[in-house]
Amino acid sequence: MKKILVTGGFGYIGSHTIIHLLDNGFDLVSIDDLSNAKDSVADNIEAITGKRITNYPVDLKDLEATKDVFRKEGPFAGIIHFAASKHVGESVEKPLKYFRNNLVGLLNVLDCMREFGTENLIFSSSCSVYGNATELPVTEATRRQEAESPYGRTKQMGEDILQDVTKNIPGITTVLLRYFNPAGAHPSGLNGEDPANKASNLVPVITETAIGKRKEMTVFGNDYDTRDGSCIRDYIHVMDLAAAHTLALQYLLEGRNQESCEVFNLGIGEGVTVLEAIQAFEKTTGQKLNYAIGPRRAGDVEAIYANYKKAAERLGWQPHFSIDDIMSSAWKWEQRRTEKASA
Ligand code: WQD
C-alpha cells in the first residue's frame with residue numbers, strides 16, 4: 001500500500017482531498033499545525049469515510065520535528081503539499097509571515113524528500129500567479145503577470161523553486177496545480193470550509209450573511225468592465241478539486257508525467273460574476289441575500305477563468321459540479337456547522 005503525506009491535511013482543500021484519497025484506497029497521514037484548521041476535522045473525515053486519520057500538529061518551519069514524522073511514518077510514495085498561509089489581504093499586512101511560512105515550509109519538505117527518498121510532490125499553486133491576465137480564458141502557457149499580493153508572490157516563487165529543483169536534483173518530480181476559486185462543501189454536509197479565522201472568500205461570506213452571522217455583505221465594486229460590472233471568477237467545487245489531486249497523484253505514481261515539473265489549471269472554464277453568484281445562491285437555496293454595492297477591494301483582478309484542457313487530456317480530469325451545486329452544498333454545510341456550534 002503506497003503511503004502518502006498530506007501537509008495542511010485538516011484545511012479546507014486538504015481535508016476534502018483526504019476524503020477523496022481514502023475513498024480511492026490510499027493510506028495517508030497528515031501534518032497540520034492547526035493554525036487555520038480544527039482538530040475536529042478528523043471526526044468529519046471519519047463520519048464520511050469510516051477511517052480515522054493521524055494528524056501531526058507540526059509546524060513545517062521546524063525541520064527536525066518534520067523529519068521526525070518522516071522517520072516515524074515514512075517512507076512516503078508521494079506528498080501533497082497544501083500547508084501555507086493563504087489570505088491575500090493578510091499577506092499585504094504581514095508579508096514576512098507569508099514569505100517565511102510558505103517558503104521555509106516548502107524548502108523543508110524538499111529537504112525531507114531528498115533525505116528520506118520521496119520522489120513525488122504535488123504543490124498547491126493558485127490562479128493568482130496570473131495576476132491581471134492579459135488573455136482569457138488563461139492557459140498554463142499564459143504569461144504570469146506581477147503578483148497582486150505577497151501571497152500570490154509566494155505561489156510564484158514556490159513554482160520557480162520547484163522548476164529549478166526538479167531540473168537540478170534528479171529523482172524529484174512535481175505537479176503544480178493552479179487552483180481557481182475553490183468553493184462549496186462535501187455533498188454530505190459533514191465537512192466544509194471552517195476557517196479558524198474570519199472568512200473573506202465570497203461563498204462563505206454569502207452563507208454567513210444568509211444565516212445571520214453578518215447583517216449584510218458588500219459587493220466589492222460594480223463598475224468593472226464586465227457584463228454586470230462585478231468581477232468574474234472561475235468557481236470550482238472543492239470535490240472536483242479533490243478528485244484532481246487523486247488523479248495527479250496517480251499520474252506521478254504511474255510515471256505518466258512527461259516532464260519533471262508540470263503545471264495544470266484547475267478551474268471549470270466558466271466565468272461567473274459576483275452578482276451572478278449571489279443570484280445562483282438565492283435561486284438554489286430560496287434565501288434572499290442582504291447585500292450592498294461598495295467600493296472595489298484593493299488587489300482584485302477584474303476577470304479570470306481557466307482553460308482546463310491540459311488537465312482533461314493528461315490527467316483525465318473533468319469537473320462535475322456547477323455553481324448551483326457549490327451554493328447548495330455550501331448552504332447545507334453552513335446550516336450544519338452553525339447547528340453544531342450552538343449545540
Ligand atoms: C471573489 C470575488 C471579490 C468577498 C482568492 C485568492 C486566490 C484563491 C481564491 C487560493 C472577488 C468578491 C468577495 C466579499 C465580494 N486562493 N467579493 N465581497 O480574491 O478571487 O481569490 O481566493 O488559492 O489566490 O486570491 O477570492 O472569494 O475573496 O473573491 O464582492 O465579501 O468576490 O471582490 O471579485 P479571490 P474571493
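Reader: What classes of residue make up the shell around the ligand?
Author: The shell has eleven nonpolar, six polar and three charged residues. Ala, Val, Leu, Ile, Met, Phe, Trp, Tyr, Cys and Pro count as nonpolar, Asp, Glu, Lys and Arg as charged, and the others, Gly among them, as polar. The model is predicted: local features need pLDDT of at least 70, side-chain atom pairs count only at pLDDT 80 or more, and totals for chains, interfaces and linings use all residues. Residues are numbered from 1 along each chain as its sequence is written, and side-chain values use heavy atoms, leaving out hydrogens and water.

Reader: Which element gives the most to that shell?
Author: Strand 8 does, with four residues. Strands (E, at least two residues) and helices (H or I, at least four) are DSSP runs, numbered from the N terminus.

Reader: How far is the backbone of L202 from an oxygen atom of the ligand?
Author: A backbone N or O atom of L202 is 2.7 Å from that oxygen. For F220, a backbone N or O atom lies 2.9 Å from a ligand oxygen. A polar contact is a pair of N or O atoms within 3.5 Å; within protein, one must be able to donate a hydrogen and the other to accept it, and residues adjacent in sequence count only if both atoms are side-chain atoms.

Reader: Changing topic, how many disulfides are there?
Author: There are zero disulfides (pairs of cysteine sulfur atoms within 2.5 Å).
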